Amino acid sequence: MVCKVKKVKTRMKSIIELSAVKAKEYLLKQESYINFDLPVYFSFQDLLNLLDKKLSGKKLSDFRISNPRDYDDVNYCIINNKDGKYAWRPYQLINPAIYVSLVHCITEKNNWSLIQKRFRDFQHNDKIECHSLPMISEDEEKTNKESQIFTWWQMIEQKSITLSLDYRYCLQTDITDCYGSIYTHSIPWSIHTKAEAKKTENRTKLSLIGVNIDSHLQDMSFGQTNGIPQGSTLMDFIAEMVLGYVDELISTKLIELDIKDYHILRYRDDYRIFTNNPFEAEQITKVLSELLFDMGLKLNASKTEASDNIIKSAIKPDKRYWITNKRITENKQKWLIQLYLLSEDFPNSGTLETQMKEFLDVLKMSEREDPNIESLVSLVTEIAVRNPRVVPTSVAILSLLIRQIKDTTVKKLIIKRIYGKFQQIPNSSYLKVWLQRLSIKIDETIIYDELLCKKVVNKDVRIWNVDWTNKSLRELIIKTPIILSSKVKTLRAVVSKNEINRMATRRAYDYE
């Protein structure tokens, strides 16, 4: 028997390979403005387009009547509970006027050329590889998210396995609360060098793009200089400026220490350090820790570990667990129990996300009615509560399960029980947004206190504070719909194929 090897091909380029015009176009797409999943009836593209036209060739300061730093709700924060208990992560919908203004500044021709040059500087040492720059698919059949996923699989996991031929040790570590800790003044250091940016005459010089980025970040964050918003491709790119600068500094320091036999792979704030000498791995980690400290960042001691088994350490623990323990079963309840147990050991993991989507695919094709619907609903709800990463997929699964219930009264009762379960979770804005999608066509009497949920039923609800803008800009933001009422009206109780396709793409390369 001949074994056929499946070849995965994808054409893509990183954001810094784009022209200034194309970079601007890319960053003004909705999928760049918000890179986490919301129900299909949320749409920010019209607002971004109108603001792009309004601010073109002008400065945001021309439309201000007061300082946005005097307001603490300029951005809108969506709290995402991480574990069903007390850990949480804030996603932010950046004030769209500040977002568009920042994109305009970054993609101004001279500024973009300087940023591209700096990233070439960051990447001059081929022993230090970064593979987390935003990726743009050039294949019509693949989304940008798929391109990003493929990059991680090919250039981090697969490259790590390959490096076992050359190195004996691998030390893995990451940064604690990276986005929430970035010192915004380190952004001008990254682009203009620290010595230049700290000159007195340059500290407030908005003609320096690094200073301008810093200023925009403070405008959207009540004047704070610690932390950048999470939840957009633009902020991922700005974080890469700081982390790329650290890569450059590491390279220089290791030359000084005469350390040559090493290789570093970085994906965002995750580092894999390969050496043939465990002492040198420790030295490199010490250098990294000291350089990060200067940026207001620190390594996560609990996630720092070394191994002399590079192939094993190249594969994430959740994936290793599933490869070892996966059991193929036609029984949906047993399958969900397996996923629940996976989530217990590896909460919010990529493997869980992949397998929940696999379960959804099978459920969509299944024509057989399932016994014990309430048990299946309970299992899916519990997984969702403990693993917010899979909430959108879980809602799609729940909609298919609840569809099998014929009695409308029973359906409403099930929805209310799910609602009650979700209500027990603190800091769960994201859960509520998606629960509303599940309930909106089954029981419209359920009331949500989350502002985005209120916006769905009342167009006059304000998401961002725009009191600092002049009348024309304020009215544009307030009056441009971000909820597609036509989509809400035509929704079905079951989450549609189109909605599922809009969700974060299944990690198709995890098990190839």
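Is Asn372 buried or exposed? Asn372 is exposed, at a relative accessible area of 51%; here buried means under 20% relative accessible area, exposed over 50% and partly exposed in between, using a 1.4 Å probe and protein chains only. Keep in mind that this is a predicted model, where local features need pLDDT of at least 70 and side-chain atom pairs count only at pLDDT 80 or more, while totals for chains, interfaces and linings use all residues. Residues are numbered from 1 along each chain as its sequence is written, and side-chain values use heavy atoms, with hydrogens and water left out.

- Most residues other than glycine have a negative phi.

**Helix α4**

- At the start of α4, Asn95 puts a side-chain oxygen within 3.2 Å of the backbone nitrogen of Ala97.

**Cavities**

- Searching the whole structure turns up 2 cavities of 30 Å³ or more.
- A cavity is a set of points, on a 1 Å grid over the protein atoms alone, where a 1.4 Å probe fits but cannot get out; lining residues have an atom within 4 Å of a point.
- Points are joined across faces, edges and corners, and the volume is the space filled by probe spheres set on them.
- The largest cavity comes to about 110 Å³, with a lining that includes Lys455, Arg462, Trp464 and Thr480.
- That lining splits into 7 nonpolar, 1 polar and 2 charged residues (Ala, Val, Leu, Ile, Met, Phe, Trp, Tyr, Cys and Pro are nonpolar; Asp, Glu, Lys and Arg are charged; the others, Gly among them, are polar).
- The second largest cavity has a volume of about 30 Å³, and its lining includes Phe119, Cys130, Glu240 and Arg266.
- Two or more lining residues each come from α5 (109-122) and α11 (233-256), and α11 gives the largest share, 3 residues.
- By class, this second lining has 4 nonpolar, 2 polar and 3 charged residues.

**Salt bridges**

- The whole structure has 29 salt bridges, each a side-chain nitrogen of Lys or Arg within 4 Å of a carboxyl oxygen of Asp or Glu.
- Asp294 pairs with Lys194, with the closest N and O atoms 2.7 Å apart; the pair links helix α12 (residues 278-294) to helix α9 (residues 194-197), 100 residues apart.
- Both ends count as partly exposed: Asp294 at 38% and Lys194 at 24%.
- Asp443 and Lys416 meet at 2.4 Å, N to O, and because Asp443 is in the loop between α20 (429-439) and α21 (451-457) while Lys416 is in helix α19 (residues 408-423), the pair ties together parts 27 residues apart in sequence.
- Asp443 is buried at 3% relative accessibility, whereas Lys416 is partly exposed at 41%.
- Lys479 and Glu475 form a salt bridge at 4.0 Å, N to O; they are 4 residues apart in helix α22 (residues 471-479), so about one helical turn separates them.
- Lys479 is exposed at 60%, and Glu475 is partly exposed at 33%.
- Salt bridges with shared partners join Lys117, Arg118, Asp121 and Glu248 into one network.

Definitions and conventions: Polar contact = N/O pair within 3.5 Å; in protein donor to acceptor, adjacent residues only side chain to side chain. 1 Å grid on protein atoms, 1.4 Å probe; cavity = no way out; pocket = protein on both sides within 12 Å on 5 of 7 lines; lining within 4 Å.
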